[in-house]
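Visitor: I have this one open on my screen and would like to talk through how its parts pack. Could you start with a pair of helices?

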Amino acid sequence: MKSYKTLKEAAGPLLIVDKVADVKYEELVDVELADGTIKRGRVLELDGDIAVVQMFEDMSGINLATAKATFLGRGMEIGVSEDMLGRVFDGAGRPVDNAGDILPEKKLDINGAPINPYARDYPNDFIQTGISTIDGLNTLVRGQKLPIFSGAGLPHAQIAAQIARQAKVVRALSEDHPERSEGSQESPEETEGQFAVVFGAMGITFEEAEFFINEFKSTGAIDRAVLFRNIANDPVVERITLPRMALTTAEYLAFEKGMHVLVILTDLTNYCEALREISAARKEIPGRRGYPGYLYTDLSTIYERAGRIQGKNGSVTQIPILTMPEDDKTHPIPDLTGYITEGQIVLSRELYRQNIYPCVDVLPSLSRLKDKGIGEGKTRGDHGGVLNQLFAAYAQGKEARELAVILGEAALSDVDKKYVEFARRFEEEYVQQGLNEDRTIEQTLSLGWELLNILPVSELKRVKPEEIEKYLPKKEETTEEEKETVEV
């Protein structure tokens, strides 16, 4: 290792070191100040014998004449072990829960390696989150990346904590585990592989950080979770490293320990803001809305680390959460995220104002892999039909409701009025559920059939007749006396 006293310039989080030799890109650097304090950074750019170093800590007041930089000859690594479960770390991988250091089984480069496309296994196993709008209509599949598009002030933190607390992989039904009897409310058995959650929070407030930690501890979910947190006043550079630390930990637990790992990253908008800040400090030419031109490439290095590998039991599933500035879906962050990931869960400000939780906007939400994780042997044979029928009926109900606002309810036909009632009850009973309410897929599907019972059977064109016969609750027949009472 060589030390250099040729520090030339400091600009924000960047430090320029002159006359260096044999230095590599992303190599770690220790900068020692005159008082003996050592601060860590990494090589961000090389130009001949000049190295641009990105510092992880505040460098205000540094004396360039007395400081020296030592290049460590290795990239940024994190020590990983199963002992990380139940622990809380910062954006540099240091424990912050006052429980001591962990003894790592090995050290891994946080940048990882892309999964060979030929070795990838197709995502096709259902993950039950306990939230009906996700399980029933936008099903999450093991190995998928399914982001949540939120907005400022919407309860994405509560939804993230609920998913982390309730999520489980369910075993496919087979001859050894025949389909449950009609009307049974038991959920499918969990897989034999252990389920773990890796939670990464970037640029959040201290209050939000305490909320997540207390939520995990109070429910016992901390025992199967690894938490990484970067608070708003922590070094901005740690927001760049935190998701890679979290994903490296997830890959270790999944592919070396055989666990099913759910990675929840919040808030990706803060990550992109940090990327923009560092890009501006490097004097790079800005792209759309000031974000660097390589934003798409950079986001893909995070999202594409989700998946399954043939021959290995474990898997990495991602739910990144991002807040859309001004609720704008065309903003570069949600726009580019939509290109890389397999769908999105969109939160609705309108539903939030109606005190509906979770305020998932069903119509623009999408899971492109849902068809691979539902159906006979995975959830239930009628899942696909119920999903399509609920979606179509809700869309028609919203359309009829808007028509009633313009023309008045008197202009609606009897069937349209049924659709309006369906849309209202769908939001109040299907979308709406408690913060601690964990619905099984059986309960979600049964609730869907109860709501479809509002509509005439002739309108149920997306479910099979035999499914209607088997699952649709029978309407009570009214007697002649009751009919006369209704008429009066």
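Guide: Bearing in mind that this is a predicted model, we can begin with helices H6 and H7, whose crossing is right-handed.

Visitor: Which residues of H6 and H7 make the contact?

Guide: On the H6 side the contact is made by Leu295, Tyr296, Leu299, Ser300 and Tyr303, and on the H7 side by Pro332, Leu336, Thr337, Tyr339 and Ile340. Sorted by class, the contact of H6 with H7 has eight nonpolar and two polar residues, with no charged residues.

Visitor: And at roughly what angle do the axes of H6 and H7 cross?

Guide: The axes of H6, which covers residues 295–303, and H7, which covers residues 332–340, cross at roughly 55 degrees and come within 10 Å. That angle makes H6 oblique to H7.

Visitor: Switching topic, how many cavities of 30 Å³ or more are there?

Guide: The count comes to two cavities of 30 Å³ or more, and the largest cavity has a volume of about 60 Å³.

Visitor: What lines the largest cavity?

Guide: Its lining consists of Val88, Phe199, Ala201, Ile204, Ala209, Phe212, Ile213, Leu227, Phe228 and Arg229. The elements that each give two or more residues to this lining are strand E16 (195–204), helix H3 (206–219) and strand E17 (225–231).

Notes: Residues are numbered from 1 along each chain as its sequence is written. This is a predicted model: local features need pLDDT of at least 70, side-chain atom pairs count only at pLDDT 80 or more; totals for chains, interfaces and linings use all residues. Side-chain values use heavy atoms; hydrogens and water are left out. Axes are lines fitted to C-alpha atoms, for helices over the stretch in contact, and angles run from 0 to 180 degrees between N-to-C directions. Helices (H or I, at least four residues) and strands (E, at least two) are DSSP runs, numbered from the N terminus. Angles under 35 degrees count as roughly parallel, over 145 as roughly antiparallel, 65 to 115 as roughly perpendicular and the rest as oblique. A crossing is left-handed if the near helix is turned anticlockwise from the far one by less than a right angle, and right-handed if clockwise. Contact means heavy atoms within 4.5 Å. Ala, Val, Leu, Ile, Met, Phe, Trp, Tyr, Cys and Pro count as nonpolar, Asp, Glu, Lys and Arg as charged, and the others, Gly among them, as polar. On a 1 Å grid over the protein atoms alone, a cavity is a set of points where a 1.4 Å probe fits but cannot get out, and a pocket is an open set with protein on both sides within 12 Å along at least five of seven lines; lining residues have an atom within 4 Å of a point. Grid points are joined across faces, edges and corners, and a volume is the space filled by probe spheres set on the points.
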